[in-house]
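Please keep the structure in view while reading.

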Amino acid sequence: NLKIVKNGILMSEQKHKEATSNLVPKITANADYRYYTDQPYQLMPASVFGGPEGTFREAQFGVPHNINANLQLTIALYNPQIFGAIKTTKIATEISELQYEKTEEQVYFEVSNLYYNAQILYHQLVFVDSNLANNSKLQKNMQLLKEQLLAKGTDVSKVQLQGEQLATQKELIKSKYEQVLNALKFSMGIPVNQIIQIDQRIQYQSSNEYTKTLNIDIRIAENQKRLVVSELNALKYSRLPSLSLYGTYGQTGFGYDKKPNDFLRFYPVGFVGVQLSIPLFNGMVTQRKINQKKIEWQNNDLQLNLITEQNDMLIENDKRQKLIAQKTIVNTLSQIKLAQSNYEQTVLQQEQGLATLTDILLADNVLREAQQTYLMAIVDFLKADLELRKQTGNIMNTIKNKQ
């Protein structure tokens, strides 16, 4: 993706150089050969030959073979359209560079999202393994109670069913984990069969206040507005006169192929001149194009305001989401500890005949819900933090600081 957009920058740079090249003098080589099967006629006054005034006689001049070869030099002294195109292509190049930055940010954004997903799935596996260990202990206890005729066979079956469900859940999470790792490798541009390690620590304690800068979408919208203004000015300037200097030097050859006076002779020809071109009327085509650009400029202005206001709204929403998620993480961590303690006490009470299997299963469900809420809170925090960095224009700054 980055290489494709980079090629777009190179194309924009070449277009800018193309526009600038129009200021460089142009040299053209021209060659022309004509064989007249019928010589062109000219009308001569009859008085030249002693005839009456006001009458004319036709006459053929020239030879059948005519050769022209010359070099023509053209220099644009003043052409507003060329200067307008240079300015416009320069702005277009800046937009292409911003598009590269946006693509780069998007790559980091996608890789970060996938990495966070991999971390969350890893911790889900850790929780499932812990729950499986609890279930294994519970199965042994229930089997002993059954052998002592203190528990029913259905109680043992319920615990075994719960264990099978946890095992199935673990396999599903492992499969998702591998899929996310493959997607992460693809986004990072490394082979799928390459082994990578995911950092188990999830950094969610951050309370960074990001300095707000213009994010990439606003900067692109501003430059697109500049581009439209430049194109509008170029259309207006096209009504101005253009001035160019030109000169030609070459040889003109005349040939006659009839005996006894057959010949081929060349004669030099050269001249210089200045050309002034003034557009007077082109059927209102330019005015219609100007009107279109004015409407496009209004749309760009509206779009810029919309993006700016939307950005402010998203920043506020992400800040709130991040704050709520951070508080939820702290709360659910204590809830997990409490649920785990409650589960263990319920198991002990069940061994002493003070609690039923239903109480144990309920305590287990409470523990699982607390674990799930904790992971979802982390997801919300990481997503809000990533979005906040994006909206405030700090994704690349954060990456550079870490590096």
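A polar contact is a pair of N or O atoms within 3.5 Å, and within protein one must be able to donate a hydrogen and the other to accept it. The side chains of Ser-12 and Ser-96 form such a polar contact, at 2.6 Å. The model is a predicted one.

**Ser-12**

Ser-12 sits in helix α1, which covers residues 2-21. Its relative accessibility is 12%, so Ser-12 counts as buried. Leaving aside residues up to four places away in sequence, Ser-12 touches Thr-89, Ala-92, Thr-93 and Ser-96.

**Helix α2**

Helix α2 has 68 residues. From first C-alpha to last, α2 reaches 100 Å, close to the 100 Å expected at 1.5 Å a residue. Asn-79 caps the N-terminal end of α2. There, a side-chain oxygen of Asn-79 lies 3.1 Å from the backbone nitrogen of Gln-81. Just after α2, Leu-149 takes a positive phi of about 60°.

**Packing of α2 with α5**

Helix α2 (residues 80-147) packs with helix α5 (residues 285-351) at an angle of about 10°, and their axes are 11 Å apart. The two helices are therefore roughly parallel. On the α2 side, the contact is made by Phe-127, Asn-134, Asn-135, Leu-138, Asn-141, Met-142 and Leu-145. On the α5 side, Ile-336, Gln-340, Tyr-343, Val-347, Gln-350 and Glu-351 take part. By class, the residues of this contact are seven nonpolar, five polar and one charged.

Ile-202 lies in the loop between α3 (153-188) and α4 (216-237). Is Ile-202 buried or exposed? At 9% relative accessibility, Ile-202 counts as buried. Residues up to four places away in sequence aside, Ile-202 touches Gln-119, Ile-120, His-123, Ile-378 and Leu-382.

Asn-182 belongs to helix α3. With a relative accessible area of 31%, Asn-182 is partly exposed.

Both residues have a C-alpha separation listed here.

| Pair | Separation along the chain | C-alpha distance |
|---|---|---|
| Ile-202 and His-123 | 79 residues | 9.4 Å |
| Asn-182 and Val-192 | 10 residues | 5.7 Å |

How values were computed:
Residues numbered from 1 in each chain as written. Predicted model: local features only at pLDDT ≥ 70, side-chain atom pairs only at ≥ 80, totals over all residues. Heavy atoms only, no water. Axes fitted to C-alpha atoms, helices over the stretch in contact; angles between N-to-C directions. Helix = DSSP H or I, 4+ residues; strand = E, 2+ residues; numbered from the N terminus. Parallel < 35°, antiparallel > 145°, perpendicular 65-115°, else oblique. Contact = heavy atoms within 4.5 Å. Nonpolar A, V, L, I, M, F, W, Y, C, P; charged D, E, K, R; others polar. Expected span 1.5 Å × (residues − 1). Buried < 20%, exposed > 50% of the residue type's maximum accessible area, 1.4 Å probe, protein only.
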